[in-house]
Structure formats: structure tokens, C-alpha cells
Amino acid sequence: MAEFVVRASHGKATSLSLSSKKLKEVPQCVLSLTNLSVLLNNNRITALPSQLTSLQHLAELNLGNNALKEIPAVLRHLESLKKLYLFRNQITEVSPEVMAALRNLVVLNLNHNQIQRLPPEIKSLRKLRHLSVLDNNLEEVPAELGLLTKLSEMNLTSNKLSRLPEQLYQCRELTKLHVARNQLTSLPEGIVALEKLQVLDVAGNKLSMFPVEFHLLPLKELHCEDNRFVHCEPMPSVQDAEVLALKELVARFVLWENRNRFSLIHRRLPHYPLLTALLANGSCCAVCLRPFLTTWLECVHFVSLRKDMKMRSSLNIPVRALLCSYKCFNTEGHSYYGVAIR
């Protein structure tokens with residue numbers, strides 16, 4: 001083993017592999033090498049020495065398939081680290097201090113551990129491009145994930161997630177999102193803002209439909225088998241009399257007037273930030289295109305992946321649509337169906 005280290009030292013190597021050497025601890029001789037990528041995967045390492053702080057220029061560290069029970073605290077001192085692999089250990093918690101310190105990290109792989117949550121401090125990883133936490137026990141991911149605006153690929157497959165944060169729409173560079181085999185009942189509406197998303201894997205969840213305007217995403221691959229999608233079946237329905245609350249009536253009027261940039265409401269609205277924030281939650285009727293705030297009819301239309309999204313698949317998927325009234329719902333010529341709960 002010393003031979004490997006000497007050769008790396010004198011040969012000015014850029015990486016040192018000590019994989020599959022049955023190591024139980026990091027050899028002391030490694031600590032004298034300051035410019036290497038170190039591969040220590042497939043060993044029996046349970047902890048890292050404090051002297052690891054001497055590797056101030058370490059760019060890549062592979063500790064996959066070892067016996068670590070936590071993310072070693074010493075890693076927070078390796079501020080030059082760009083790639084960190086900790087897959088197949090026995091990690092149950094992600095250290096907030098380590099996440100807050102590794103600001104240059106580009107790749108983080110935590111696959112096949114027992115992690116239940118990611119700390120809000122993950123927001124510090126502003127340069128992160130690849131995040132993989134496949135096959136863990138995640139029950140939720142923090143809203144701060146939306147601050148990782150350089151993320152291009154995220155894999156949260158095989159966890160226990162029941163929802164994704166609404167702030168996910170801020171990850172505008174995302175091209176691949178893998179969230180298969182979780183317990184998701186819906187996707188955040190803002191996902192349609194991910195204009196670079198090409199691959200989406202939501203197979204094996206509990207989805208009943210996709211978000212509004214989902215079919216406008218530039219997807220090249222969609223994996224959605226084994227969900228609980230709604231089916232198109234004729235059913236009797238009862239339409240209750242529509243009585244809109246005064247708040248809804250006023251909101252619809254203000255939203256409509258605000259579209260006219262010459263109107264008094266459009267000019268005065270910026271002076272009322274609380275009202276502006278409230279109206280920001282408004283939406284638009286899929287039939288008449290008029291705005292509404294909080295009262296709508298939830299409908300669905302069926303989109304052909306081949307015809308409408310230019311994919312090879314022949315599947316038709318249900319996409320959510322919101323209508324402002326029964327009047328619009330009863331209008332002839334549209335393809336929206338009401339959603340019944342059995």
C-alpha cells in the first residue's frame with residue numbers, strides 16, 4: 001500500500017485508488033498527499049482521522065461501500081471538495097455543519113443509506129449539479145432544495161416521500177428528475193416552470209393526474225407506470241348551485257382589471273403588497289381564460305404522449321385542468337372531464 005502512495009507522490013498522479021483493500025481506517029501515508037482525488041470505496045472504514053484536514057486541495061473523495069454510520073465531521077474542513085461519494089454506508093443523519101461548509105460541492109451521492117431527512121443547510125451547496133439520495137428513508141425534502149439553482153440532475157428514487165416542495169420550480173437547470181417508487185400523490189404545480197426538464201421518472205407512486213399544463217414541458221422521457229391515474233368513465237353528476245363568496249367575486253374583478261395596464265386598478269395595485277401577494281395565487285380558467293382566485297372546478301383532460309408531447313410512447317396521461325364555473329364546464333366543444341371521487 002505504501003508503494004501506491006509513494007508512486008502517487010513522486011509521479012504527480014491526480015488520483016489515488018485504495019479501493020477494495022479491506023481497510024478499516026485511512027492510512028496515515030495518504031494524509032501527506034494534498035492534490036489527489038482519493039478513492040477509498042469498498043473497504044471497512046468506520047471513521048475518518050482528524051488529520052484529514054491537511055488535504056486542503058482534495059477535489060474528490062469516494063467513501064462508498066464502507067461502514068460509516070454518520071457523515072464524518074472532519075469533512076467540513078475540506079472546502080475544496082467537489083465530488084463526495086458516500087453510497088452504501090449505514091448513515092442515518094446528514095450533518096448540517098458539513099452541508100453548510102461544502103460550498104464547492106458539485107456532486108453528492110448518498111445512495112443506499114438510511115437517511116430520514118436532509119437538513120435545510122443543504123441550501124449552502126449552491127454549486128451542486130448532481131444530487132442522488134436513492135434508496136433511503138426520506139419522508140420529506142426541505143423547501144431549501146429550491147435554492148440549488150444549478151442542479152441539473154436529482155435522484156430521490158425509492159424513498160418514502162409523500163410530496164415534493166413547491167419551491168422545486170426554482171431549479172430551472174434541472175434536466176433529469178427521478179422520484180420513482182415513493183408515495184407521491186401529486187406533483188407540485190410549479191414543475192411546469194422547469195423548461196429544461198427532459199427526463200422525469202415518477203413510476204410506482206400514487207399519482208392520480210399530472211399538474212396543470214404539464215403537457216407543455218419539453219420532456220423526452222416520461223416513466224409513469226404503476227400509479228393510480230384517473231380513468232375516463234361516464235358517470236352521473238349533480239351540479240350544485242354556484243354561489244361565490246364576496247371575496248372571490250371581488251378577486252375575480254380585480255384580477256381581470258389588472259390585465260389592462262391602463263386601468264386604475266393595475267396602476268394602484270403595486271401599492272398594496274399584501275393584496276398583490278394574495279392575488280398571486282390566482283389561476284386561469286382553461287375554457288374562458290378568465291381569472292379566478294380560490295373557487296374552481298377540478299377537471300382533467302387526457303394528453304397523448306405521442307401526438308401532444310412528441311414522444312414514442314402511445315400512452316394517454318391525465319392532466320389537471322381548472323375551470324371557473326359550471327357555465328364553462330357545460331360549454332360544448334372542449335375536452336375537459338369532471339373528476340369524481342368514489
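A residue counts as partly exposed when its relative accessible area falls between the buried limit of under 20% and the exposed limit of over 50%. E189, at 30% relative accessibility, is therefore partly exposed. The model is predicted. The protein has 342 residues, of which 44% count as buried, and contains 6 helices and 15 strands.

**Overall figures**
- The accessible surface of the protein is about 18,700 Å², and carbon and sulfur atoms make up 50% of that area.
- Among contacts with a separation of 6 or more, 35% are between residues 24 or more positions apart.

- K196 sits in the loop between strand 8 (176-178) and strand 9 (199-201), and E173 in the loop between strand 7 (153-155) and strand 8, 23 residues apart.
- K196 is partly exposed at 40%, and E173 is partly exposed at 34%.
- E189 and R320 also form a salt bridge, at 2.8 Å from N to O.
- E189 is in the loop between strand 8 and strand 9 and R320 is in strand 14 (residues 316-323), so this pair ties together parts 131 residues apart in sequence.
- R320 has 16% relative accessibility and counts as buried.

**Helix 3**
- E248 and R252 form a salt bridge, with their closest N and O atoms 2.8 Å apart.
- Both residues lie in helix 3, 4 residues apart, or about one turn, and both are buried.
- V250 is also in helix 3 (residues 246-258) and is partly exposed at 44%.
- L246, L249 and V250 form a nonpolar surface patch with about 300 Å² of accessible area together.

Key. Residues numbered from 1 in each chain as written. Predicted model: local features only at pLDDT ≥ 70, side-chain atom pairs only at ≥ 80, totals over all residues. Heavy atoms only, no water. Helix = DSSP H or I, 4+ residues; strand = E, 2+ residues; numbered from the N terminus. Buried < 20%, exposed > 50% of the residue type's maximum accessible area, 1.4 Å probe, protein only. Contact = heavy atoms within 4.5 Å. Areas by Shrake-Rupley, 256 points an atom, 1.4 Å probe, with all protein chains shown as cover. Patch = residues over 30% accessible without salt bridge, like charges linked within 9 Å, V, L, I, M, F, W, Y side chains within 5 Å. Salt bridge = Lys/Arg side-chain N within 4 Å of Asp/Glu carboxyl O.
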